[in-house]
Amino acid sequence: QELAAELLDIQAQRQKIGGFAFGSDTLWQKEFEQSFPYQETADQTTAAGQIKTDMAAAIPMDRLLCGDVGYGKTELAMRAAFKAVQAGKQVAVLVPTTVLCIQHGRTLAERFADFPVSIEILNRFTASKQVRQILKDTRAGSVDILIGTHRLLSDDVGFKDLGLMIIDEEQRFG
């Protein structure tokens, strides 16, 4: 009961603080979405609309997206990230493993290749010199999307204008 009361209090405080209301889709947003190489499912279309509605509200967004492998969760996250970047905001993508960090880095780089979006990854294999430059660029606002493991939670990581945080948590059952 204490935990539930604490969670409700935290949520009420977050609602009072307010958030950034993202605007309507840009032409690039529409072009980005139309470049999706697969047929959207009805669930993807519904979830995409709900995410955009959440992002348009001037309150912090809390959205849990669940689905089986191949559902298109990463595509929906990329669309939200693209919308945030189009609004001049930065995006953090927190992942649980180095392998997933590298995989997402490749996937996003490929998907965003036709658009002027700066994407960097931060994990234990990123060289120290490169880490320093990525952190400097992120604080300056020249990194649009930063993908990383728990390293993103370090005190030396800062953003000029963070507008969206995506947490990709893999769960295994059975």
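This is a predicted model: local features need pLDDT of at least 70, side-chain atom pairs count only at pLDDT 80 or more; totals for chains, interfaces and linings use all residues.
Visitor: Is Ile17 buried or exposed?
Guide: Exposed, because its relative accessible area is 70%. Here buried means under 20% relative accessible area, exposed over 50%, and partly exposed in between, with a 1.4 Å probe and protein chains only.

Visitor: Which helix does Ile17 lie in?
Guide: Ile17 lies in α1, residues 2-17. Helices are DSSP runs of H or I with at least four residues, strands are runs of E with at least two, and both are numbered from the N terminus.

Visitor: OK, new topic. Is Gln29 buried or exposed?
Guide: Gln29 counts as buried because its relative accessibility is 1%. Gln29 sits in helix α2, residues 27-34.

Visitor: And what does Gln29 touch?
Guide: Leaving out residues up to four places away in sequence, Gln29 touches Lys52, Arg79, Phe82, Lys83 and Gln86. Contact means heavy atoms within 4.5 Å.

Visitor: How many residues are in the largest nonpolar core?
Guide: That core has 27 residues, and those with the most contacts inside it include Met55, Val91, Phe112 and Leu164. A nonpolar core is a set of buried Ala, Val, Leu, Ile, Met, Phe, Trp, Tyr and Cys residues joined through side-chain atoms within 4.5 Å.

Visitor: Which element gives the most to this core?
Guide: α4 does, with seven residues.

Visitor: What is Leu164 in contact with?
Guide: Setting aside neighbours within four places in sequence, Leu164 contacts Met55, Met61, Ala80, Ala81, Ala84, Gln90, Val91 and Ala92.

Visitor: Why is β1 largely enclosed by the rest of the structure?
Guide: Five of the five residues of β1 are buried, so the strand is largely enclosed. Gln90, Ala92 and Leu94 point one way from β1, while Val91 and Val93 point the other way. In a regular strand the side chains alternate between the two faces of the sheet.

Visitor: How many bridges link β1 and β4?
Guide: Five, in the parallel sense, and Gln90 has Leu162 in β4 as its bridge partner. β1 and β3 also pair in the parallel sense, over four bridges, with Ala92 opposite Leu146 in β3. Two strands pair if DSSP finds at least two bridges between them.

Note on methods: Residues are numbered from 1 along each chain as its sequence is written. Side-chain values use heavy atoms; hydrogens and water are left out.
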